[in-house]
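Biologist: Please bring up the model. I have a few questions to go through.

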Amino acid sequence: MGKMATRAVLLLLLFTLLTGLAYPLAVTGLAQALFPDRAAGSLVHRRGKPVGSALIGQDFRSPLYFHGRPSACGYDAAASAGSNLGPTNRRLLAAAAERAARVRRENGLPPEAPVPGDLVTASASGLDPHIGPEAALLQVPRVARARGLPEAEVRALVLRHVEGRQFGILGEPRVNVLLLNLALDELDARR
């Protein structure tokens, strides 16, 4: 019985070192060597200081900025999660209707105007940094008016920030809200 216990403890220590130390260090090292930006969190810097991550949505509320998707977790990465409410859930429908009314009001749209789904529903993680091009283009008049910029210039900026499908086939075209808002600040600063 003593030999068996000794072997079990040695195997436990061996596998603890392999799976708890060696494997994570190897994966981290490979990630940093092959994808240094992503391994570091895809941080976005402005004037040498980090202002966010290109992978995590932020809460932009000012009319001067494009607004991203709603967050089911209050943009708290530690609490990342969706709402788990189904498409017929009354709370989800009420929240979506309330958000759609707010989007219409903020953007000067008539009460019956359609609103893209990504402006009224949270993503599965609650932290999606992207919206669809349609959702960004809907906000162009409001942002241009708030900043005193020509709509055509702001629309062109949005179109330059549309990212295509991954590998040309996966997902949908999208716009990273943080990157678009930073480019908008740069455009405004140049004027």
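Biologist: How many residues line the largest pocket, and which lie nearest its centre?

Modeller: The lining of the largest pocket is made up of 21 residues, and D59, R61, P70, Y75 and R102 are those nearest the centre. A pocket here is an open set of points on a 1 Å grid over the protein atoms alone, with protein on both sides within 12 Å along at least five of seven lines, and a lining residue has an atom within 4 Å of a point. Please note that this is a predicted model, in which local features need pLDDT of at least 70 and side-chain atom pairs count only at pLDDT 80 or more, whereas totals for chains, interfaces and linings use all residues. Residues are numbered from 1 along each chain as its sequence is written, and side-chain values use heavy atoms, with hydrogens and water left out.

Biologist: Which element gives the most to that lining?

Modeller: That is α3, with six residues. The elements that supply two or more lining residues are α3 and α4. Helices (H or I, at least four residues) and strands (E, at least two) are DSSP runs, numbered from the N terminus.

Biologist: And what is the volume of the largest pocket?

Modeller: The largest pocket holds about 360 Å³ of space. A volume is the space filled by probe spheres set on the grid points, which are joined across faces, edges and corners.

Biologist: Back to D59: where does it lie?

Modeller: D59 is in the loop between β2 and α3. D59 is partly exposed, at 39% relative accessible area; under 20% counts as buried, over 50% as exposed and in between as partly exposed (1.4 Å probe, protein chains only). Its C-alpha atom is 29 Å from that of G168, which is 109 residues away along the chain.

Biologist: How many cavities of 30 Å³ or more are there in the whole structure?

Modeller: The search finds one, and the volume of the largest cavity is about 50 Å³. A cavity differs from a pocket in that a 1.4 Å probe fits at its points but cannot get out. Among the residues that line this cavity are I56, F60, Y75, D128 and V177.

Biologist: F60 has a ring. How many aromatic pairs does the model have?

Modeller: The count is one aromatic pair. It joins F60 and Y65, whose ring centres are 5.6 Å apart and whose planes meet at 40 degrees, so the pair is tilted. Rings of Phe, Tyr and Trp (its six-membered ring) pair if their centres lie within 6.5 Å; planes under 30 degrees apart are stacked, over 60 edge-to-face and the rest tilted. F60 is buried, at 15% relative accessible area.

Biologist: Which residue lies over the face of Y65?

Modeller: R147 does, at 4.8 Å from the ring centre. The rule asks for NZ of Lys or CZ of Arg within 6 Å of the ring centre and within 35 degrees of the ring normal.

Biologist: On to the largest nonpolar core: how many residues does it have?

Modeller: It has 29, and F66, L119, I131, V154 and L184 make the most contacts inside it. Such a core is a set of buried Ala, Val, Leu, Ile, Met, Phe, Trp, Tyr and Cys residues joined through side-chain atoms within 4.5 Å. Two or more residues each come from α3 (90-106), α4 (133-147), α5 (151-160) and α6 (177-190). The largest share, seven residues, is that of α6.

Biologist: Why would such residues be buried together?

Modeller: In soluble globular proteins, nonpolar side chains tend to be buried together.

Biologist: What does I131 touch?

Modeller: Setting aside neighbours within four places in sequence, the contacts of I131 (heavy atoms within 4.5 Å) include H67, D118, L119, A136 and V175.

Biologist: And G132, buried or exposed?

Modeller: G132 is buried, with a relative accessible area of 15%. G132 lies in the loop between β3 (130-131) and α4. G132 and V175 are 43 residues apart in sequence, yet their C-alpha atoms are 5.9 Å apart.

Biologist: Lastly, which residues other than glycine have a positive phi?

Modeller: Among them are R47, with phi near 55 degrees, and F167, with about 55 degrees. R47 sits in the loop between β1 (43-46) and β2 (49-53), and F167 in the loop between β4 (162-163) and β5 (174-176). R47 is exposed at 76% relative accessible area, and F167 is exposed at 70%.
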